[in-house]
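Subject: Structure handover

Hello,

Here is the structure for you to open alongside this note. My findings follow below it.

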Amino acid sequence: MEDSPYSQDQQADHQSRLKAIIETAIDGIITIDSRGIIETVNPAAARIFGYQPQEIIGQNIKILMPEPDHSQHDGYMQNYLRTGEAKIIGKGREVKGKKKDGTIFPFLLSISEVQLKDKLIFTGIVHDITGLKRAETALLESENKINSIIQTAVDGIITIDSRGIIEMVNPSAAKQFGYAPEEIIGQSINLLMPEPDSSRHDGYMERYHQTGVPRIIGIGREVTGLRKDGSVFPFFLSVSQVELEGRRVYTGFVHDITRQKINEERLRRYAAELERSNRELQDFAYVSSHDLQEPLRKIQAFGDRLKTREYNQLSEQGRDYVDRMLNAASRMQVLINDLLSFSRVTSKSKPFVKVDLDQVLTEVLSDLEIAIAQSRAEIIRSPLPTIEAEPTQMRQLFQNLVSNAIKFRKEGENPIINIYAKSLQRQAHLIATPGDELTEIYVEDNGIGFDEKYLDRIFNIFQRLEGQKYEGSGVGLAICRKIAIRHGGDITARSQPGVGTRFIVTLALKQPNES
């Protein structure tokens, strides 16, 4: 027997160190004999599998294996001992383990074979990779989620390298430009640009790489794209830059704004036409206030003189003619004044300010105090909101509606006028833009009412349903509609003859800045 190069003390110290290393190792260490019986197990291995060491020492190693490995392990051992052909010994691989509570988990297993004097043993190193697998699964799920978002995004997404070569394009981007994805991947991004952008893009990329000064990266702007069929379309492009390992890529987000630009152009043309119409109306109002009023004043003046100086010398028929002439001139004066009021809703309008509609209504009811008393009207009112508006026009609006309710009352019945408000939101979740939030002002009466088949007529200028029975020019409700529209709303009504009328005025809570 060959003597050991170590003394007994050194050997004892060496063995103690080995034991300490095994006992404190983070990975599990298990030793089995050639029959698969567990001879030793360190604390880490016992903890990994959920056992106490004494529970598994002496047991077959397959107790730690799920099916089908549990049933196949003895056959594998016998085959190895007979043929020497190893499937895992000396190689290592990822396998599944079974804990005491039945939980299956992944681990890396490396096995070494040791020939002792009297027997063959196998030592397995168990490295639990449960956490690693969870991280891999989470990463894979994250990648799948990101890929799913990219593939199903409504907006187009295109990635290019620093030379402008397209590396990735999602289905939306391909569809927007009229290509199949495989037709443009690997092509220069210039393919999707009309001239002069197509020719200039390479120079822009080169200048950016040299100077670092972006024209669009991180900024975003409206640009024009070129489709496969040669047609062009507008889109909003925002580009982000990402530094990958050893290279730089750019991702462009393509938001098609074709419909938006068409609507903007239609709105521009409509605004131009509206401005032209307003100018014509203002010109007509100027003619009404000057060219028409002057001869009208002369008719009234000479008619008044005729009535005061020559009236008694006229025949009865002559006096009737004078009276009719003066009445007609008076009605003409009312029409002209109302027409001027109608035209001034926009031409002489003032900026919007915060207006307490409750206070406005109080002032209007005070102005109409005599008419309310004479008609014995009962006013029922509920709190009204504060909105951005023009105070004078709000007074005009309420005065016309309340006056109407008093004027068109039923004979022998005291008018009851109910005024209240309701909040309204055009679209759920949207409150940021002026016009998203509205108030509906209701003015209800128990008056004569009207047939709703005439609803469109009552808001048109000079339209009257009651002929000469009631005083007025028929401009009041047209003014109300013009005021409501200027304040981001409109006016309508619900009515039945002999039952009463409910006017519904819609007004925006906030108004855009008028510039």
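**What was found**

Phe 177 is buried, at 2% relative accessibility; buried means under 20% relative accessible area, exposed over 50%, and partly exposed in between (1.4 Å probe, protein chains only).

Some ground rules come next. This is a predicted model, in which local features need pLDDT of at least 70 and side-chain atom pairs count only at pLDDT 80 or more, while totals for chains, interfaces and linings use all residues. Residues are numbered from 1 along each chain as its sequence is written, and side-chain values use heavy atoms, with hydrogens and water left out.

**Overall**

The protein chain has 15 helices and 17 strands. Both are DSSP runs, numbered from the N terminus: helices are H or I with at least four residues, strands are E with at least two. Of the 515 residues in the protein chain, 35% are buried. The accessible surface comes to about 31,600 Å², and carbon and sulfur atoms hold 52% of that. These areas come from the Shrake-Rupley method with a 1.4 Å probe; for residues, only the protein chains shown count as cover. Take the contacts in the protein chain with a separation of 6 or more: 54% of them join residues 24 or more positions apart. Contact means heavy atoms within 4.5 Å.

**Aromatic pairs**

A pair of aromatic rings is described by the distance of the centres and the angle of the planes. The search of the whole structure gave nine aromatic pairs. Why is the pair of Phe 177 and Phe 235 edge-to-face? The ring centres are 5.9 Å apart and the planes stand at 80 degrees, so the pair gets that label. The cut-offs cover rings of Phe, Tyr and Trp (its six-membered ring): centres within 6.5 Å make a pair, planes under 30 degrees apart count as stacked, over 60 as edge-to-face and the rest as tilted. Phe 177 is in helix α6 (residues 171-177) and Phe 235 in strand β9 (residues 232-244), so the pair links distant parts of the chain, 58 residues apart. Phe 235 is also buried, at 6% relative accessibility.

Tyr 420 and Tyr 442 are stacked, with 4.8 Å centre to centre and 5 degrees between the planes. Tyr 420 belongs to strand β14 (residues 416-425) and Tyr 442 to strand β15 (residues 437-445), so this pair ties together parts 22 residues apart in sequence. Tyr 420 is buried at 17% relative accessibility. Tyr 442 is buried at 8%.

Phe 49, Phe 105 and Phe 107 make up one aromatic cluster.

**Charges over a ring**

Look at Tyr 311. The charged end of Lys 307 sits over its ring, 5.7 Å from the centre. The charged end of Arg 319 sits over the ring of Tyr 311 too, 5.8 Å from the centre. The test asks for NZ of Lys or CZ of Arg within 6 Å of the ring centre and within 35 degrees of the ring normal.

**Cores**

In soluble globular proteins, nonpolar side chains tend to be buried together. Here the largest nonpolar core has 38 residues. Such a core is a set of buried Ala, Val, Leu, Ile, Met, Phe, Trp, Tyr and Cys residues joined through side-chain atoms within 4.5 Å. Leu 357, Met 394, Phe 398, Leu 401 and Leu 507 have the most contacts inside it. Helix α13 (residues 391-407) gives the most to this core, with seven residues. A second, separate core has 25 residues, including Ile 32, Tyr 51, Tyr 76 and Leu 109.

Leu 507 touches several residues beyond four places away in sequence, among them Leu 357, Ile 387, Met 394 and His 487. Buried residues of α13 include Met 394, Leu 397, Phe 398 and Leu 401.

**Backbone points**

The Glu 67 to Pro 68 peptide bond is cis, with omega near 5 degrees. Pro 68 is in the loop between α3 (53-56) and α4 (69-83). The bond from Glu 195 to Pro 196 is cis as well, with omega near 5 degrees. Pro 196 is in the loop between α7 (181-184) and α8 (197-211).

Arg 376 has a positive phi, near 55 degrees, and is not a glycine. Is Arg 376 buried or exposed? Arg 376 is exposed, with a relative accessible area of 61%.

Best wishes
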